[in-house]
Amino acid sequence: MKLPERTIERLSTYRRTLLNCLDAGKNYIYSHELANLHSITAVQVRRDLMLIGFSSQTKKGYDVKELIDVIGKILDSSSALNVAVLGMGNLGRAVTTYFNGKRSKLKIAATFDVDSNKVDRVISGVNCYHIRDFKTIVQRENITIAIITSPPDTAKQLAEILEGAGIRGVLNFTTIPINISSNVYLEEFDMITSIEKVAYFVKEMNGGSLEK
Ligand SMILES: NC(=O)c1ccc[n+]([C@@H]2O[C@H](COP(=O)([O-])OP(=O)(O)OC[C@H]3O[C@@H](n4cnc5c(N)ncnc54)[C@H](O)[C@@H]3O)[C@@H](O)[C@H]2O)c1
């Protein structure tokens with residue numbers, strides 16, 4: 001069964017919290033504790049876990065290790081997936097440095113740029129290739145996911161390159177939305193929209209005005 005996108009997002013954040021719990025020596029957690037840590041209701045947590053067939057809450061709460069394993073079976077592929085980052089400027093380097101090593105089933109295997117100072121170098125621990133070699137490297141490294149962190153005006157052209165190379169999932173960080181075949185899963189992340197959303201709700205909490 002395909003799960004709703006919001007459930008997948010919450011499962012990912014639950015897993016991060018549960019891993020922190022394990023690190024802190026906490027082996028059991030109640031649904032209301034998990035809910036409080038995510039500012040949602042315990043009903044929502046229980047509903048999400050029911051959707052993935054997990055219901056073994058004991059008197060001590062959920063077994064943290066067991067729940068991490070069950071979420072992993074839902075979120076992770078059986079074999080590791082390789083990821084490419086396109087555009088090794090500020091954001092591309094930050095994403096690559098931050099992400100690699102965090103998940104055993106997802107690996108940034110190659111990065112791409114057009115700048116001769118970056119191409120043919122190791123940046124943030126990963127080889128950087130020229131974008132013109134994208135298809136060859138994707139096939140050689142068995143890459144299925146791409147993250148776009150290049151300038152906005154390159155996004156549309158890069159989307160065509162990604163599709164032509166058989167990429168199956170794209171995370172687009174540029175401010176230009178892209179069109180891509182429905183066979184490719186696309187996630188657009190626009191930081192400005194997220195910040196404006198926060199600002200709007202801050203304004204609404206103050207009765208529509210921020211005047212003191
Ligand atoms: N920096 C941020 O905090 C931030 C936040 C949200 C979104 N963004 C978006 O992310 C993107 C990157 O931002 P940045 O600040 O890292 O920019 P940047 O200028 O530091 O880096 C862009 C990189 O892309 C490379 N590039 C140019 N054309 C390319 C192509 N055709 N193929 C591959 N690489 C190419 C450049 O050589 C450069 O290394 C922008 O679209 C920006 O709007 C940035």
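Reader: What makes Gly89 count as partly exposed?

Author: Happy to explain, keeping in mind that this is a predicted model. Gly89 has 13 C-beta neighbours inside 10 Å. A residue is exposed with 12 or fewer such neighbours and buried with 20 or more, and partly exposed in between. The value of 13 falls in between, so Gly89 is called partly exposed.

Reader: Why is Met88 called buried?

Author: Met88 has 25 C-beta neighbours inside 10 Å. The cut-off for buried is 20 or more, so Met88 counts as buried. Among the residues that Met88 touches are Thr111, Asp113 and Cys128.

Reader: Where do Met88 and Gly89 sit?

Author: Met88 is in the loop between strand E3 (81-86) and helix H5 (90-99). Gly89 lies in the loop between E3 and H5 too. An unreviewed UniProt entry places the feature "binding site" at Gly87, Met88, Gly89, Asn90, Leu91 and Gly92.

Reader: How do you know which strands are the edge strands of the sheet?

Author: Let's start with the order. Seven strands form an open sheet, E5-E6-E4-E3-E7-E8-E9, with mixed pairing. Strand E5 (121-123) and strand E9 (185-188) each pair on one side only, and these are the edge strands. From one strand to the next, the twist averages 30°.

Reader: What makes E3 and E4 a pair?

Author: Two strands pair if there are at least two bridges between them. E3 and strand E4 (residues 106-113) have six bridges, in the parallel sense, so they meet that cut-off. Val83 stands opposite Ile108 in E4. Helix H5 packs on the sheet, and its direction makes about 160° with that of E4.

Reader: Which strands does helix H7 lie across?

Author: Helix H7 (residues 155-164) lies across E3, E7 and strand E8 (169-172). H7 runs at about 180° to E7.

Reader: Which residues of helix H3 are buried, and why are they said to be on the same side?

Author: In H3 (residues 42-51), the buried residues are Val45, Asp48 and Leu49. They cover an arc of only 95° around the axis, which puts them on the same side of H3. These buried residues pack against helix H1 (5-23) and helix H2 (31-37).

Reader: What does the face of H3 turned away from its buried side carry?

Author: That face carries the exposed residues Val43 and Met50. Just after H3 comes Gly53, with a positive phi of about 75°.

Key: Residues are numbered from 1 along each chain as its sequence is written. This is a predicted model: local features need pLDDT of at least 70, side-chain atom pairs count only at pLDDT 80 or more; totals for chains, interfaces and linings use all residues. Helices (H or I, at least four residues) and strands (E, at least two) are DSSP runs, numbered from the N terminus. The arc is that of the directions from the helix axis to the C-beta atoms. Two residues are in contact if their C-beta atoms, placed from the backbone, lie within 7 Å. UniProt positions are given in the numbering used here, feature names are shortened, and annotations may be inferred rather than shown by experiment. Axes are lines fitted to C-alpha atoms, for helices over the stretch in contact, and angles run from 0 to 180 degrees between N-to-C directions. Lists of a residue's contacts leave out its neighbours within four places in sequence.
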